[in-house]
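This briefing sets out selected features of the structure shown below. The points are grouped by topic.

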Amino acid sequence: MFESVAIALWLIKDNLFYLFNFSYIGFAVSLGIFLFIRHYRHARRVVQLMVGLYMLVYLGLICRENMQIEGFWYYLFTGVFEAATIHYAVAKIFGPLIFGRGWCG
């Protein structure tokens with residue numbers, strides 16, 4: 001699922017960032033599912049740590065993206081497709097519809 005989104009956005013937007021972004025998050029979720037199947041009790045925390053550090057360090061500090069809810073509304077109303085808009089669309093709206101409640105938390 002994540003690789004499909006990664007390849008589609010990469011080709012549509014012609015930006016390699018989307019390929020890296022969704023591939024990394026897909027890998028983290030896949031690792032979490034693998035660890036959960038193996039009955040590793042901290043599987044969810046591993047995924048939260050991987051994705052959280054990625055969002056804080058790479059997106060927040062290095063790329064200087066506004067990942068707050070205010071950033072989502074700002075980007076949405078200005079018509080810009082940035083990290084906050086992608087995060088809320090995928091993780092808060094479409095993710096729970098596909099994977100069930102509480103998917104992004």
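Is Leu53 buried, partly exposed or exposed? The model is predicted, and in it Leu53 is partly exposed, with a relative accessible area of 44%.

- A nonpolar patch on the surface is formed by Leu49, Leu53, Leu56, Val57, Leu61 and Ile62, which together have about 590 Å² of accessible area.
- Leu53, a member of this patch, touches Gln48 and Tyr58 when residues up to four places away in sequence are not counted.
- Ile62, another member of the patch, lies in helix H3, which covers residues 43–62.
- The relative accessibility of Ile62 is 57%, so Ile62 counts as exposed, the cut-off being over 50%.
- Ala43 also has its place in helix H3, yet Ala43 counts as buried because its relative accessibility is 4%, under the 20% limit.
- Ala43 is in contact with Gly32, Leu35 and Phe36, leaving out residues up to four places away in sequence.
- The C-alpha atoms of Ala43 and Leu31 are 8.1 Å apart in space, while the two residues are 12 apart in sequence.

**Nonpolar core**

- The largest nonpolar core has 16 residues, of which Tyr18, Phe22, Ile25, Val51 and Tyr54 touch the most other members.
- At least two residues of this core come from each of helix H1 (2–13), helix H2 (16–37) and helix H3.
- Phe22 touches Phe2, Val5, Ala6, Leu9, Ile86 and Val90, with residues up to four places away in sequence not counted.

**Aromatic pairs**

- The structure holds 7 aromatic pairs.
- In one of them, the ring centres of Phe17 and Tyr58 are 6.4 Å apart and the planes stand at 20°; the pair is therefore stacked, as the angle is under 30 degrees.
- This pair links distant parts of the chain, since Phe17 is in helix H2 and Tyr58 in helix H3, 41 residues apart.
- Phe17 is buried, with a relative accessible area of 19%, whereas Tyr58 counts as partly exposed at 27% relative accessibility.
- Another pair joins Tyr24 and Tyr54, whose ring centres are 5.0 Å apart and whose planes are at 35°, so the pair is tilted.
- Tyr24 is partly exposed, with a relative accessible area of 23%, while Tyr54 is buried, at 6%.
- Ring pairs join Phe17, Tyr18, Phe20, Tyr24, Tyr54 and Tyr58 into a cluster.

**Asn21 in helix H2**

- Asn21 lies in helix H2 and counts as buried, with 5% relative accessibility.
- Apart from its neighbours within four places in sequence, Asn21 is in contact with Tyr54 and Leu59.
- Tyr54, one of these contacts of Asn21, is also among the core residues that touch the most other members and belongs to the aromatic cluster.

Terms used. Residues numbered from 1 in each chain as written. Predicted model: local features only at pLDDT ≥ 70, side-chain atom pairs only at ≥ 80, totals over all residues. Heavy atoms only, no water. Patch = residues over 30% accessible without salt bridge, like charges linked within 9 Å, V, L, I, M, F, W, Y side chains within 5 Å. Areas by Shrake-Rupley, 256 points an atom, 1.4 Å probe, with all protein chains shown as cover. Salt bridge = Lys/Arg side-chain N within 4 Å of Asp/Glu carboxyl O. Helix = DSSP H or I, 4+ residues; strand = E, 2+ residues; numbered from the N terminus. Buried < 20%, exposed > 50% of the residue type's maximum accessible area, 1.4 Å probe, protein only. Core = buried A, V, L, I, M, F, W, Y, C linked by side-chain atoms within 4.5 Å. Contact = heavy atoms within 4.5 Å. Phe/Tyr/Trp six-rings, centres within 6.5 Å; stacked < 30°, edge-to-face > 60°.
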